[in-house]
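Let's take a walk through this structure together, one region at a time. Keep the 3D view open and turn it as you read.

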Amino acid sequence: MMEVVKYPLRENWKKLLARPAAARTDIGPVVEGILAEIKDKGDEALRRYTEKFDQVALETLKVSEEEFREADASLSHSLKNAIDTASANVEAFHRSQKEPFRKVETMPGVLCWRKSVPIQRVGLYIPGGTAPLFSTLLMLAIPAMVAGCEEIVVCSPPNKQGKLHPAILYIAGRLKIKQVFKVGGAQAIAAMAYGTESIPQVFKIFGPGNAFVTKAKQLVAQEGLAIDLPAGPSEVAVMIDQTADPEFVAADLLAQAEHGTDSQVLLVAKDEMLVAEVLSSIRNQVERLPRKEIAEAALENSRAIILHNMGEMLDLVNEYAPEHLIMSVDQPESLSEQIVNAGSVFLGHYSPESIGDYASGTNHTLPTYGYAKAISGVSLDSFVKKITFQQIDEDGLQRIGPVVEEMAEAEGLHAHKWAVSIRLDSLQSGLSLESE
């Protein structure tokens, strides 16, 4: 059960808010070996690792048209309808993020603009394991599609029958993604980073995963390949006051705890009695969960922190910088103005984090481990490059040229100055000829 900490001193907050230490600290060399072997042996190594880790021998890594048809036929209409609704919401929210194109004349004759250009080839990793997260494909493939990425590659670990979850294939089919591969783990990251006989090399890799996947992403990023963001175990902070429903709050904490044994949940309050009610409700509700053991293990990593007032609560949450923040308080919108560090925020008593995980439209691929202090979650911008342009006419060069000459001279970069001066001299010569 969660540890209860009452009125901790600020100097102890950092230690109190530490995330669970990684269970494995020696995976670096293992992952490096996997990356090197995939780079060298390609598909042969992929099949070998798939048999070793996923206990299935595959002749073909790519999902076939027949598998797409089987998945579509096996999925219930109710789940298809749910996916379609969520898909529409995710698409609407990400389309709203498109920036209007505009040119800015910073001074007469000096025109500047910025253009969003889609990343041509992106790789999407969709976790499998104890809970195949097909919703992650919605969160990654839809903004990639909206951005206009030319090539989308999907990798996900197969089950012991050599299949992917039918919902993954339904979503891929719905979005017309044909390059879907039954490969998981660090080997999938390596395949997308380097390319193999079957799997194309991509320019940026997206998607959460276990410690091996995360380490593989970090290693290929050191080699120059772009990744979406650092992603560790999932986490939530829940702020509550006297208006919160203990049953609701307990359900929100358990919803996050069931992700994995290394997940962390944080309850922040100023009412000891209310915290006691929430913990009692957790004890009752956890008994109903199929993933009870996972949730209970996560709760061992978690804390309920009782503070003196709302100001302290807000400060502590900003220090924690949670992946998800639920504000189950009175006037949450007003209080949320003081939140500066969080991945995604859920306001009020009827905004469970589960809604954002699946269907509200916001993206659930978010920074964990305190990275929300400096890094945003995945958005449309994650799938584009921002290229700037400028065009200076003769009048503009005559206006801005002397500014650049002066600054380049002061920095001792004489070729920079000369690139401007030679043009100004040319214009001046032309003007002199015209005057004659």
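Helices (H or I, at least four residues) and strands (E, at least two) are DSSP runs, numbered from the N terminus. With that in hand, you can find Ala297 in helix α12, residues 292-300. A word on what you're looking at: this is a predicted model, where local features need pLDDT of at least 70 and side-chain atom pairs count only at pLDDT 80 or more, while totals for chains, interfaces and linings use all residues. Residues are numbered from 1 along each chain as its sequence is written, and side-chain values use heavy atoms, with hydrogens and water left out.

Now for the overall picture. The chain has 17 helices and 14 strands, and its C-alpha trace spans about 95 × 60 × 45 Å along the principal axes. We'll talk a lot about burial, so here is the scale: buried means under 20% relative accessible area, exposed means over 50%, and partly exposed is in between (1.4 Å probe, protein chains only). Of the 436 residues in the chain, 48% count as buried. Back at Ala297, the relative accessible area is 27%, so this residue is partly exposed.

Next, head for strand β10, residues 264-269. How many of its six residues are buried? Six of the six are, so to speak, tucked under cover. In a regular strand the side chains alternate between the two faces of the sheet. Here both faces are covered: Gln264, Leu266 and Val268 are buried on one side, and Val265, Leu267 and Ala269 are buried on the other.

What does β10 pair with? Two strands pair if DSSP finds at least two bridges between them. Strand β9 (residues 235-240) pairs with β10 in the parallel sense over five bridges, and Val238 has Leu267 as its bridge partner. Strand β11 (residues 303-306) also runs parallel to β10, joined by four bridges, with Ala269 standing opposite Ile306. Follow the chain from β9 through helix α10 (residues 246-257) to β10 and you trace a right-handed β-α-β unit. Right-handed here means that, with the strands pointing away from the viewer, the path from the first strand over the helix to the second runs clockwise.

There is another sheet to visit. Three strands form an open sheet in the order β2-β3-β14, with antiparallel pairing. Its edge strands are β2 (103-107) and β14, each of which pairs on one side only. From one strand to the next the twist averages 25°; axes are lines fitted to C-alpha atoms, for helices over the stretch in contact, and angles run from 0 to 180 degrees between N-to-C directions. Nine bridges join β3 to β14, and Ser116 stands opposite Lys386 in β14.

Now look at the rings. Rings of Phe, Tyr and Trp (its six-membered ring) pair if their centres lie within 6.5 Å; planes under 30 degrees apart count as stacked, over 60 as edge-to-face and the rest as tilted. By this rule the count comes to four aromatic pairs. One of them is Tyr49 with Phe53, stacked at 5.7 Å centre to centre with 5° between the planes. Both residues lie in helix α3 (residues 43-54), four residues apart, or about one turn of the helix. Tyr49 is buried, at 10% relative accessible area, whereas Phe53 is partly exposed at 41%.

The rings of Trp113 and Phe389 have centres 5.6 Å apart and planes at 5°, so this pair is stacked too. This pair links distant parts of the chain: Trp113 is in strand β3 (residues 110-118) and Phe389 in strand β14 (residues 384-392), 276 residues apart. Trp113 is buried at 16%, and Phe389 is partly exposed at 30%. The charged end of Lys103 sits over the ring of Trp113, 4.2 Å from its centre. For that, NZ of Lys or CZ of Arg must be within 6 Å of the ring centre and within 35 degrees of the ring normal. Lys39 lies over the face of Tyr194 in this way, at 4.9 Å from the ring centre.
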